[in-house]
Amino acid sequence: RDEVNRLTIVESRLHDAIRDDHLELHYQQVVDGATGATLGVEALVRWRDGATLVPPDLFIPIAERSELILELDRWVLDAAVAQAARWANEPRLGHLTFAVNLSSRHVLARSLVGQIRSALARHRVDPSRLIIEVTESALLNDLEAAAETLGQLRAMGVCVAIDDFGTGYTSIAHLRGLPIDILKIDRSFVSNIDRFDDRTLIKLIVETGHLLGCVVIAEGVETPHQEAVLRSLGVDQIQGYLIGPPIPPSEMVIALARGALVAAEQLPTSGIAQGVGVSGR
């Protein structure tokens with residue numbers, strides 16, 4: 001009973017936080033696996049509860065118990081697209097892609113496509129800059145309905161990514177029938193990359209993704225060793241604390257400038273001469 005009461009209180013306070021705009025987005029870079037150039041960012045929601053910044057794993061599961069997750073998703077989507085519009089004229093930020101995570105409940109909502117179309121139009125953002133991330137479990141709840149919704153998004157020019165890939169039960173047959181552009185390898189495989197089984201599975205995911213015409217991203221990359229192995233296995237893009245933690249938008253320009261210098265130092269002279277550094281995708 002105490003636990004139920006606690007969850008109810010948190011749910012009520014989160015509802016107020018959404019209404020009163022007490023949420024904020026932090027952004028984590030996604031870089032090219034070969035050059036280190038920043039190609040995009042993933043928008044990650046935080047709850048500003050007084051002086052405390054509450055991480056998503058402490059409140060998203062509570063939001064998912066009810067329709068509150070739809071409100072949260074709508075806030076995140078609109079805030080991310082609005083930030084993309086604000087960065088549109090920044091030399092280092094104007095062409096970055098924006099990845100937004102959606103809950104399984106929202107993927108199956110009839111209103112989703114209209115909400116995304118409206119947000120992009122309202123903020124005048126190119127649909128090709130937006131990446132919608134969904135988990136395998138979200139797709140398998142109703143594969144046919146999910147495929148229809150994602151197909152409509154792709155027809156608008158929005159990219160579709162499967163997040164945490166490898167932890168669910170998606171078969172190759174499922175993948176062939178889904179309108180997807182990106183596979184994101186789950187961090188659990190990356191953390192165990194020195195185990196033969198996990199390394200073999202990563203290689204299999206990379207090869208499968210490439211056969212399907214998808215970009216393959218490894219998330220949760222924390223060490224240079226993991227990055228080197230992933231690059232040798234053919235991963236296209238890298239995301240994780242090795243590149244940088246999620247940061248507020250005000251810090252992104254500095255982080256990208258720092259990353260561009262590091263990338264330039266690691267490239268051959270010919271690459272530097274050609275201006276390889278931070279770029280749009």
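Me: Why are α3 and α5 called roughly parallel to each other?

Reply: In this predicted model, the axes of helix α3 (residues 68-86) and helix α5 (residues 112-123) cross at roughly 30 degrees. Angles under 35 degrees count as roughly parallel, and α3 and α5 are therefore described in that way. Their axes come within 9 Å, and the crossing is right-handed.

Me: What makes α3 and α5 meet, and which residues are involved?

Reply: Contact means heavy atoms within 4.5 Å, and on that basis Arg74, Leu77, Asp78, Val81, Ala82 and Ala85 in α3 meet Gln115, Ile116, Ala119, Leu120, Arg122 and His123 in α5. Sorted by class, this contact has 7 nonpolar, 2 polar and 3 charged residues.

Me: How do you know that β7 and β8 pair?

Reply: Two strands pair if there are at least two bridges between them, and strand β7 (residues 182-185) and strand β8 (residues 215-218) have 4 bridges, in the parallel sense. For Lys184, the bridge partner in β8 is Ile217. Ile217 in turn has Gln237 as its bridge partner in β9, and 2 bridges join β8 to β9, which run parallel.

Me: Which elements have the lowest and the highest mean pLDDT?

Reply: The lowest mean pLDDT, 32, belongs to helix α13 (residues 269-273), and the highest, 97, to strand β9 (residues 237-239). Over residues 260-281 the pLDDT is below 50, although this stretch has 31 contacts in the model beyond near neighbours in sequence. Where pLDDT is low, the predicted coordinates should not be read in detail.

Key
Residues numbered from 1 in each chain as written. Predicted model: local features only at pLDDT ≥ 70, side-chain atom pairs only at ≥ 80, totals over all residues. Heavy atoms only, no water. Axes fitted to C-alpha atoms, helices over the stretch in contact; angles between N-to-C directions. Parallel < 35°, antiparallel > 145°, perpendicular 65-115°, else oblique. Left-handed = near helix turned anticlockwise from the far one by under 90°. Nonpolar A, V, L, I, M, F, W, Y, C, P; charged D, E, K, R; others polar. pLDDT = per-residue confidence, 0-100.
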